[in-house]
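Trainee: Hi! Could you walk me through this protein model?
Mentor: Happy to, let's bring it up.

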Amino acid sequence: MKAAFEVQNQYEEIQMDICILSDLHALAHWHVDVELVYVIEGAVQMGINEEQRVLQAGDIGICCSNDIHFFSSEISNSVILIKCLPEYIDGYGTWQKNHIFNSPFIEAKSVGQPGGLDRDVYDNMKALFHSLFREMNDHRDFYKLFAKSKLLELCGLMLRHLPKQECETKREQSDSSIKLVQESLRYIEKNVMNNPSLEEIARTMNISPYYFSRIFNKVIGMNLKAYQNMLRLNKAENMIVCDKAPITDIAYQCGFNSIRTFNRCFRLVKGYSPSDLRKPAIAAAVSQH
């Protein structure tokens, strides 16, 4: 998945996609589409704006339009992921703007507990995720109508039963931080080959390096150096698969000063060597992911 801003999904027959994915990995990014995640099994670390959770089986993540979010998998997992345009939900695309949830996460362990979701409500939500997938996957008669009705019911349950923020100041502070990080991500991606320093980026954003570092780490889930390194490795991976240029040349093009350092970092992060990507089986697997 591409870092930073993603253009909206190109939907075909219906303005919604749903699929089951395994072992999610994605750098921090955002898009216009709403994204709902239900963990079937295993665990996945997920960050949404300024909050992070290790989601376990049964947990739910709610990404509203333009929320910055990322995924990281240390162990195997399987999730149901729904994407749709916000206007597909209410016709105007404002449902999540007018109803900011206290937390973008629903944890199964809190269901039925004080302050947690009612068990019947949660079970209904969980059933809707699975039912939505079946409708979109099976393509039975009138599946578009049934799928949309189930999506609306799922979003309606969230609006009716999840606690929402009442403090405008808190909302404005959060929005300000997210916009700041979005702006910095655009700058970093544009200048990724130059490895801009924390001080340079903070100066461009007109804020202190300390404040920028704190907000960036909190929202992105990693420090600036680690994020830049991941961007360069992802770019190198794509070039190795799609370009026939020597791997040494690609490493230097992606900002690595030593092929030895590049190979070590690549294997450490990706779990295989750069040269493995020239093997058809591995290249095909990476392309599908």
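This is a predicted model: local features need pLDDT of at least 70, side-chain atom pairs count only at pLDDT 80 or more; totals for chains, interfaces and linings use all residues.

Trainee: Okay, let's start with strand β4. Is β4 largely enclosed or open?
Mentor: Strand β4, residues 34–48, is largely enclosed by the rest of the structure, because 11 of its 15 residues are buried.

Trainee: Which way do β4 and β8 run, and how many bridges join them?
Mentor: β4 and β8 (residues 77–84) run antiparallel, and 8 bridges join them. If you want a pair to look for, Val37 stands opposite Leu81 in β8.

Trainee: And how many bridges join β4 to β6?
Mentor: There are 4 bridges between β4 and β6 (residues 60–63), again running antiparallel. Here, find Leu36, which stands opposite Ile62 in β6.

Trainee: Why would neighbours like that point to different sides?
Mentor: As a general rule, side chains in a regular strand alternate between the two faces of the sheet.

Trainee: Got it. What do β4 and β5 form?
Mentor: β4 and β5 form a hairpin, with 2 residues between the strands. In the turn, Asn49 has a positive phi of about 55°. The pairing of β4 with β5 (residues 51–56) is antiparallel and takes in 6 bridges. Val44, for instance, has Leu55 in β5 as its bridge partner.

Trainee: What about β7, how many bridges does that pairing with β4 have?
Mentor: β4 pairs with β7 (residues 69–72) over 4 bridges, in the antiparallel sense. Look for Gly47 across from Phe70 in β7.

Trainee: Where is Phe146?
Mentor: Phe146 sits in helix α3, which covers residues 143–161. Phe146 has a relative accessible area of 40%, so it counts as partly exposed.

Trainee: Last topic! How many disulfides are there in the whole structure?
Mentor: A search of the whole structure turns up 0 disulfides. Take Cys63, which is in no disulfide: the nearest cysteine sulfur belongs to Cys64 and is 7.9 Å away. The cut-off for a disulfide is 2.5 Å between the sulfur atoms.

Trainee: And is Cys63 buried or exposed?
Mentor: Cys63 is buried, because its relative accessibility is 0%.

Trainee: How about Cys265, buried or exposed?
Mentor: Cys265 has 17% relative accessibility, so it counts as buried too. The cut-off for buried is under 20%.

Trainee: Thanks, that helps a lot!

Definitions and conventions. Residues are numbered from 1 along each chain as its sequence is written. Side-chain values use heavy atoms; hydrogens and water are left out. Buried means under 20% relative accessible area, exposed over 50%, partly exposed in between (1.4 Å probe, protein chains only). Two strands pair if DSSP finds at least two bridges between them.
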